[in-house]
Amino acid sequence: MRYVRMPIEKESPEEYGYDLIRFNLSESSVSDRSFKALGLDLPDITLLYGEHRGPRELRELIAAEGAGLAADDVLLTGGAAGALFIISTALLGPGDHLVVVRPNYATNIETPRAIGCDIAYHDLRFEDGFAIDVERLAAEITPRTRLISVTCPHNPTGVALSLDQLQALVGLAERHGCRLLVDETYRDLSYTPPLPLAASLSPSAISVSSLSKAYGVPGVRMGWVITRDPALQETFLAAKEQISICGSAIDEWVALQVVRRKAELLAETLPQMRRRLALVADWMAGEPLLEWVPPTGGVVCFPRMTAEPAGGTAAFYQRLLQAHGAYVGPGHWFEMSDRHFRLGYGWPTSEELEGGLKAISAALRG
Ligand SMILES: Cc1ncc(COP(=O)(O)O)c(C=O)c1O
């Protein structure tokens, strides 16, 4: 493995210093929640090695989301990031071929790169509404392809696949004898009916998700990988056991409380996020210096500047932060031009969001 730190992590607000940013529009989750806000009171938990796959009740609740899935199809991991690492290292070796969507959550590209894979990038285009072109993607598959990797709803664009597209991708993986990874980390933040869990559609498909984004608890590092292929799940479990043996007893307890209350928490979050999105849409409609593809899921979008900002993009980002106190995710976090930026509308308060949007408009004008 050749590890290189990714710009999205090196330049993340937590590494920069949350307290140095007034309007933080760079996050991809809803607001972080505390124990108190969740009404949790930590009981006297025995700090033992837990069941390696993760607590059965938690896995049962997660499996219940997908038709035909069972608890043992689910393996809990250290966040979705942990699941993605396990999948890449279990399925791919140096020289193995994978087709991966770009832009993407950086780890979906960087871990295969660190392994030394042969990578075909399926580049999404603004002009196509950042939609995957299944026919073009199919042409990128070779007899050596071991994995097709997509994210839905997508980070950083917020665009989701249609059911037809998802089924077509599953069909491709089945026909070519490779696996389809669908990173579903934003699935619970869908503004259109969510797609079925990919893993429920075929043993060739693998689902990944976590509690980080929709529930505002990224600090408990709780994610999972789902596959209906028991031999593959055994390999994933072997990887988990070599990384950490089992999960953290405290994280698993918190996760169980959150998953038990999932419906109630989402019923509160989704209408709020729809309102935030409408606010961003109104601002975009009145901002001629930006254009966008409206998102249908997640809490991010990926606007593009219609002209070079005064002094260039580097000067724009510097001005935005230094003079206006606002932070967004520049395009280079996603291997894209800095004319794009990721705007997160779920994490700041409504007032901070409005302040941040005003700051962007001001900084665009010099
Ligand atoms: C698409 C996607 N997958 C996975 C992750 C990792 O999240 P976590 O490890 O907190 O679950 C992120 C975080 O930004 C993401 O955007």
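## Burial of Phe130

A residue counts as buried if 20 or more other C-beta atoms lie within 10 Å of its own. Phe130 has 20 other C-beta atoms within 10 Å, so Phe130 is buried. This model is predicted.

Phe130 sits in the loop between β4 (118-123) and α6 (134-139). Its backbone stands out too. Phe130 is not a glycine, yet its phi is positive, at about 55°.

## Arg221

Arg221 also has a positive phi without being a glycine. The value is about 50°. Arg221 lies in the loop between α9 and β8 (222-226).

Is Arg221 buried or partly exposed? Arg221 has 19 other C-beta atoms within 10 Å.

## Cis peptide bonds

Two peptide bonds deserve a look. The bond from Arg102 to Pro103 is cis, with omega near 0°. Pro103 belongs to the loop between β3 (97-102) and α5 (107-115).

The bond from Cys152 to Pro153 is cis as well, with omega near -15°. Here the proline falls in another loop: Pro153 is found between β5 (145-151) and α7 (163-176).

## Ligand shell

How many residues surround the ligand? There are 13. The closest are Gly79, Ala80, Ala81, Ser210 and Ser212.

Helix α4 (residues 79-91) supplies the largest share of this shell, three residues. By type, the shell holds eight polar residues, four nonpolar and one charged.

## Helix α12

Helix α12 covers residues 262-285, which is 24 residues. What span should the helix have? The expected span is 1.5 Å times one less than the number of residues. For α12 this gives 34 Å.

The buried residues of α12 are Leu265, Met273, Arg276, Leu277, Val280 and Trp283. An α-helix has 3.6 residues a turn, so residues three or four places apart point the same way.

What do the buried residues of α12 pack against? Two of the partners are helices, α9 (212-215) and α14 (350-364). The others are strands, β10 (300-301) and β14 (341-344).

Terms used. Residues are numbered from 1 along each chain as its sequence is written. This is a predicted model: local features need pLDDT of at least 70, side-chain atom pairs count only at pLDDT 80 or more; totals for chains, interfaces and linings use all residues. A residue is near a molecule or strand if its C-beta atom, placed from the backbone, lies within 6 Å of it. Helices (H or I, at least four residues) and strands (E, at least two) are DSSP runs, numbered from the N terminus. Ala, Val, Leu, Ile, Met, Phe, Trp, Tyr, Cys and Pro count as nonpolar, Asp, Glu, Lys and Arg as charged, and the others, Gly among them, as polar. A residue is buried if 20 or more other C-beta atoms lie within 10 Å of its own, exposed if 12 or fewer, and partly exposed in between; C-beta atoms are placed from the backbone. Two residues are in contact if their C-beta atoms, placed from the backbone, lie within 7 Å.
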